[in-house]
Number of protein chains: 2
Amino acid sequence: MEPDFTALDAYLSETDTDGYLVHADSEESDQYYLSGFDAPDPYITLYNGEVHLFLFRSLEYGRAKKQARAATVERGSDYDFESLLAEHDPDEARARVLEAFLSEHGVESVATPPKFPLQTADQLREQGVDVTADNSSVITEIRAKKADEEVEHIREAQRANEAAMARAEELIGTANVDDEGRLRQDGELLTSERVTEEIEMTLLEHGCGLDETIVACGSDAADPHDRGSGPLRAGESIIVDIFPQNKQSKYHADMTRTFCHGEPGDTIREWYDLTQEAKAAALAAVEPGATGQEVHAAVCEVYEEAGEPTLRSNPTTETGFIHSTGHGLGLDVHEQPSVAPSGDTLEPGHVITIEPGLYDPEVGGVRIEDFVVVTEDGYENLVEYDEQLVVGK
Amino acid sequence: MEPDFTALDAYLSETDTDGYLVHADSEESDQYYLSGFDAPDPYITLYNGEVHLFLFRSLEYGRAKKQARAATVERGSDYDFESLLAEHDPDEARARVLEAFLSEHGVESVATPPKFPLQTADQLREQGVDVTADNSSVITEIRAKKADEEVEHIREAQRANEAAMARAEELIGTANVDDEGRLRQDGELLTSERVTEEIEMTLLEHGCGLDETIVACGSDAADPHDRGSGPLRAGESIIVDIFPQNKQSKYHADMTRTFCHGEPGDTIREWYDLTQEAKAAALAAVEPGATGQEVHAAVCEVYEEAGEPTLRSNPTTETGFIHSTGHGLGLDVHEQPSVAPSGDTLEPGHVITIEPGLYDPEVGGVRIEDFVVVTEDGYENLVEYDEQLVVGK
C-alpha cells in the first residue's frame, strides 16, 4: 500500500519544518506506517517529501533495503559511526551520527510524534537540530482514515475473531452446571483461562496473534479491563472481549459479546436491553461530519434517561457507564478517532468501535461491541455476529 | 515481589532530582517494574522514595488501587481535570494537572527514562518542571539484576519453550521428503508457517504468549531477523528461534536451535561445529566481573581464527557473524546487559543469552542460543535442551 502523505507535506509546510522524524521500533504504528518496515529494534525514519531509513547497526540493513517503503536506506557505517564511538561516549556518538544523517538530507528542523524519545530529542537539540513534538500527531491522523485495502485487512481479522467468539459461545453454551452453580465441560471446571486458551488457539489457526483476551464473569466483569480468572458461573454475565491482530497485515479487529449460561437476573437482562438500545442510538448518530462526542452523547442519553450513572452525569462514578463509547481501530487496537467526550469529526474511512456497557461489582457487567467503517453516507458495520445474551439453559 | 530501589534512591540523590517520572503503558517494562501495575493505556508513575500512581481517567482507578505497588493512586478528578479541560486545550489541561500532581508530592524536578515522551516532557517544562532524560536508564539497570523469584519465572517460560522446540524438532525430524527435496507431513508441505503455528499452539497450552517466532530455512536463515516462510527443505539448515513470554509473570525465555532434515552440506556442518565451539568459548568467559565485551570477543576469536568474517574484523560485512553475542532477558526479550562490543560488567543475577551464529545467503544460517544466569562464582545455564543438527534421515 502507498499511503497518502499529502497531509504530512502540508503539516511540514505550515509549520515551516524540514522533516518529520521517528525513532521507534515497528510496534509503534506511526513508525510502521511511515516506513513500511517491520523490525523489533528501534530505527530512524525521516520524511522530507521522501522516506529515508537510518539504522545505527547493520543487522537489519539487507532486510530494510528489500522491505522498507523508502527512497534510501543508510546505516551507521555510512557516517563513520565506529570512529565516532571511539572518540565519544555512545550517546554522543549516536547524536552526532544522527545529526550527520539529517544534515546529509538537508534537514535542520524536525517535528516528531508526541511519544518521540526525550533522550534522542535533547541530544539532537544539543547538536543544533530544532526538534518539536507534533501535538497534532499528523501520522496518527493520516492513518485513522483507512484505504479500502486496510478495511479488507480489518475484515479478515474480524473473520478470525468471529470464529473465536463462536468457540467461546459454544463452550459456555454447552457447559453443564454443577451443584455449586459452576460451569463444567467434560467434567472439568470451565474457567476464564480455559475459554481464553480456546479463543487464542482459534485465532492462531486463523493467522492472528493477540496480546490479551477478556473472559470475565460476575464481579470480574464489572471492571472493564479485568481479564477474568477462575470458574465461570451459571446465571452470571460473562463478558467476552476479543481484539486479535492479523499477523501478516498487522491490522486488528475488536468485538465484545456478553453471554449468560441460563437465566440472568432481572438487572442483567435490563442492562442488556439498554445496552443494545445505547448501541443502536450510537450507530444511528454515526455519519461523516458527526463528531465522536455526539456519538458518545447518544449513548449517555440512553443510559441517563434510564437512570443509570455515567461519567457525564457523575465524573467520579465507579458504577454505570464508566468508559468511552469507542475508539479507532487499525494497526493499533486503540487509535484515532476517539468516540468520547473529546471526540472530533468523523470522516469516511474512519474505523471505530461502538461499545457501550454497564458495570457494578454487586451485579456484574454487560458490554456489547461492534465496529464500523464510516462511509460517504453513513457507515458499514463490519461485525457479523449475533447478539444473544442467554446461551445454554 | 518487592524490587530493591536503593540504586534509584542513590541516583536521585546524586543528581539532586526530586523524583523519577514514567509516562507509558505497562508494555514498557520500566513502567511495569516500577508500578507493579499492568494496564494497556499510558499512565503516570512517580517515584520519590515511594511509588505514586496517577491516572488521567478513572477507568483503571479501582484496579490500580487493588493491584499497583503504590503508596498512593490518584486520578484526574482529584486535581480538577474536568474544569481544566473546560478552560484549556486538552494538552495544556493534561500538563497542568500533571504539574499539580507533582507539586502535591513536593516534586519540582524529575528524571525520566530515555524513551519518555517528548510531548509530556516539553509540556512539563513549560509548566516550570525541570525534566531530564536519565541516560543511565537506572530502572532498566536495576531490573537487569534478577531476584530468585524472577529467575524462577524465566525458568517457567523456558519449560514452555522447550516443549515448543520439541514439537518443532519432531515435525521436522519425522517429515517425509518429496521428489523436489521439500519436507512433507501427512502428505502436506511442511512450511515455516505450519511449524510456527504448532510452536505457538504449544506455547499457549503452556501459558505463554509471543510476538514472533523464527522458523527460517535456507537463504531465509541467512538473515537473522527473517521469520521464514514457505516450504522447508531437506539438506538445508533450519533455524528455530523461540522467545515466549509467560502471560502471568511477563518474563521471557529465548532459545535457538538449528536443525537439518537429513545430511547438510559440509559448510553447514563446519559452521555448526564452530558455533558450538564459539558458544562454549563465550560461556567459559561468563563470570561476575567479566564484561559483555569480553564474552563477545571470545566468540569473535573462534570465528576469526577459523577465517569467518565478523563485524569486528569487517564492520560492513553482510556474511559471517553479523550480530552481537547476546542480550539480557527478562520482562523484555532484549534488555540489559548487552553481550556485545559495548557490553559492560556482568553481575550476579544478570540473565543473558549466548547466541553465536554464521550467515551467508549462498549457504544458509546456523545459530545456537542458550541463556544463563550469572551466579556468584560463574553461571547456571537455564536451558535444558539438546543440540542436534541432523534430525530425520
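Which residue of β14(A) does I239(A) stand opposite? I239(A) faces T258(A). This is a predicted model: local features need pLDDT of at least 70, side-chain atom pairs count only at pLDDT 80 or more, and totals for chains, interfaces and linings use all residues. Residues are numbered from 1 along each chain as its sequence is written, chains are lettered from A and ligands numbered from 1 in the order in which they are written, and side-chain values use heavy atoms, with hydrogens and water left out.

**Sheet in chain A**
- Four strands form an open sheet in chain A, in the order β11-β12-β14-β22, with mixed pairing. Strands pair if DSSP finds at least two bridges between them.
- Strands β12 (residues 237-242) and β14 (residues 255-261) of chain A run antiparallel and share six bridges.
- Helices (H or I, at least four residues) and strands (E, at least two) are DSSP runs, numbered from the N terminus.
- Helix α8 (residues 148-173) of chain A lies across β12, β14 and β22 of chain A, at about 10° to β14(A). Axes are lines fitted to C-alpha atoms, for helices over the stretch in contact, and angles run from 0 to 180 degrees between N-to-C directions.

**Relation of the copies**
- Contact means heavy atoms within 4.5 Å.

**Helix packing in chain B**
- The axes of α5 (residues 90-104) and α6 (residues 118-126) of chain B come within 9 Å and cross at roughly 70°. That makes α5(B) roughly perpendicular to α6(B) (65 to 115 degrees; over 145 counts as roughly antiparallel, under 35 as roughly parallel, the rest as oblique).
- Residues in this contact include L98(B) and L102(B) of α5(B) and Q123(B) and L124(B) of α6(B).
- The axes of α10 (residues 266-285) and α11 (residues 292-305) of chain B come within 8 Å and cross at roughly 150°. These two helices, α10(B) and α11(B), are therefore roughly antiparallel.
- In that contact, A278(B) and A282(B) are among the α10(B) residues, and V299(B) and V302(B) among those of α11(B).
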